[in-house]
Amino acid sequence: MTESTLHHICVAGASGRMGRMLIEAVCKADDCQLSGALDLPSSPAVGMDPAAFLGLSSGVAISANLTTGLNHAQALIDFTRPEGTLAHLQACRTLGVNAVIGTTGFTDAQKQQIADLAQHIAIVMAPNMSVGVNVTLKLLELAAKSLNTGYDIEIIEAHHRHKVDAPSGTALKMGEVIANALGRNLKDCAVYAREGVTGERDPSSIGFATIRGGDIVGDHTVLFAGTGERIEISHKSGSRVSYAEGSLRAVRFLKGRTSGLYDMADVLNLK
């Protein structure tokens with residue numbers, strides 16, 4: 001690989017579980033180079049080599065300074081928290097750095113801020129970067145269009161005990177895809193909790209059930225329950241490797257793009 005064909009990448013949340021998985025993927029990819037790493041000022045990892053846990057030397061240090069971390073990057077990969085991601089994106093706009101966002105839990109107002117920033121830099125944003133999950137979303141769209149009457153739709157998701165938002169961003173995306181395929185608005189038909197005497201199920205609703213425990217990376221199942229039969233479409237993650245590999249595909253997709261808001265369906269040519 002020549003210097004001009006390398007993808008120069010900065011990873012946010014460098015000392016976290018996902019950050020380390022991303023750093024490992026970048027270091028292993030022949031066409032990628034780790035050019036920066038970001039973490040919170042309070043992190044004890046600041047100042048350390050982000051690849052040290054792999055027994056490697058990356059030539060960069062983890063920094064809490066956004067300009068320092070992003071200065072030599074062409075793209076940022078960010079799986080952190082909404083407030084942190086938005087601050088990172090503002091710096092990306094200033095420095096002309098594209099971004100791949102796997103962060104979840106954004107409010108509608110925050111999503112609008114990201115859309116506004118995408119007029120100035122190119123952004124891939126998806127609640128799940130896994131190639132398999134995004135193919136699953138396409139399957140759900142096809143299933144929903146065919147099973148549009150006579151089937152009750154429930155989305156069940158499970159994640160590790162440390163996850164802070166619920167339902168997961170992936171589960172919500174599944175609900176949005178299904179609702180759109182049915183000509184509905186998820187905000188109007190989603191049911192997130194059931195307790196007590198709830199009455200009969202509204203046939204137009206899309207239900208969500210959330211499980212949190214242990215070290216579950218991410219399991220998602222959509223149940224189409226009809227009379228006399230059930231169809232289940234599931235995706236189960238055994239490792240975060242799939243998220244990291246999908247993120248690198250998104251970085252490659254952004255090469256040469258200077259603005260626009262994209263998702264993994266764009267990256268994988270599923271539209």
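## R257 and two aromatic rings

R257 lies over the face of F253, at 3.8 Å from the ring centre. R257 also lies over the face of Y262, here at 5.5 Å from the ring centre. A charge counts as sitting over a ring if NZ of Lys or CZ of Arg is within 6 Å of the ring centre and within 35 degrees of the ring normal. All of this comes from a predicted model, in which local features need pLDDT of at least 70, side-chain atom pairs count only at pLDDT 80 or more, and totals for chains, interfaces and linings use all residues. Residues are numbered from 1 along each chain as its sequence is written, and side-chain values use heavy atoms, with hydrogens and water left out.

Searching the whole structure turns up two aromatic pairs. In the pair of F253 and Y262, the ring centres are 5.1 Å apart and the planes sit at 80°, so this one is edge-to-face. For the bookkeeping, rings of Phe, Tyr and Trp (its six-membered ring) pair if their centres lie within 6.5 Å; planes under 30 degrees apart are stacked, over 60 edge-to-face, and the rest tilted. F253 counts as buried because its relative accessibility is 15% (buried means under 20% relative accessible area, exposed over 50%, partly exposed in between, with a 1.4 Å probe and protein chains only).

## From Y262 into the parallel strands

Y262 stands in strand β12, opposite V124. Strand β12 (residues 260-262) runs parallel to β6, with three bridges between them. Strands here are DSSP runs (E, at least two residues) and helices are too (H or I, at least four), numbered from the N terminus; two strands pair if DSSP finds at least two bridges between them. Strand β6 (residues 122-125) is buried both ways: A122 and V124 point to one side, I123 and M125 to the other. In a regular strand the side chains alternate between the two faces of the sheet.

Next along, β5 and β6 run parallel and share three bridges, with I123 as the bridge partner of A99. Strand β5 (residues 98-101) also pairs with β4 in the parallel sense, over four bridges, and there I77 partners V100. Strand β4 (residues 75-78) is covered on both faces, with A75 and I77 buried on one side and L76 and D78 on the other. Beyond that, three bridges join β4 to the parallel strand β1 (residues 7-11), where C10 stands opposite L76.

## Helix crossovers

One is made of β4, helix α3 (residues 82-95) and β5; another uses β5, helix α4 (residues 108-117) and β6. Right-handed means that, with the strands pointing away from the viewer, the path from the first strand over the helix to the second runs clockwise.

## S247 in helix α8

S247 belongs to helix α8 (residues 241-254) and is buried, with a relative accessible area of 0%. Leaving out residues up to four places away in sequence, S247 touches L22, I77, F79, V100 and M129 (contact means heavy atoms within 4.5 Å). The S247 side chain also reaches the backbone oxygen of Y243 at 2.8 Å.

## The mixed sheet

Elsewhere, five strands form an open sheet with mixed pairing, in the order β8-β9-β7-β10-β11. Its edge strands, β8 (190-191) and β11 (230-237), each pair on one side only. Strands β7 (residues 152-159) and β9 (residues 206-212) pair in the parallel sense over seven bridges, and G207 in β9 is the bridge partner of E154.

Methods
Polar contact = N/O pair within 3.5 Å; in protein donor to acceptor, adjacent residues only side chain to side chain.
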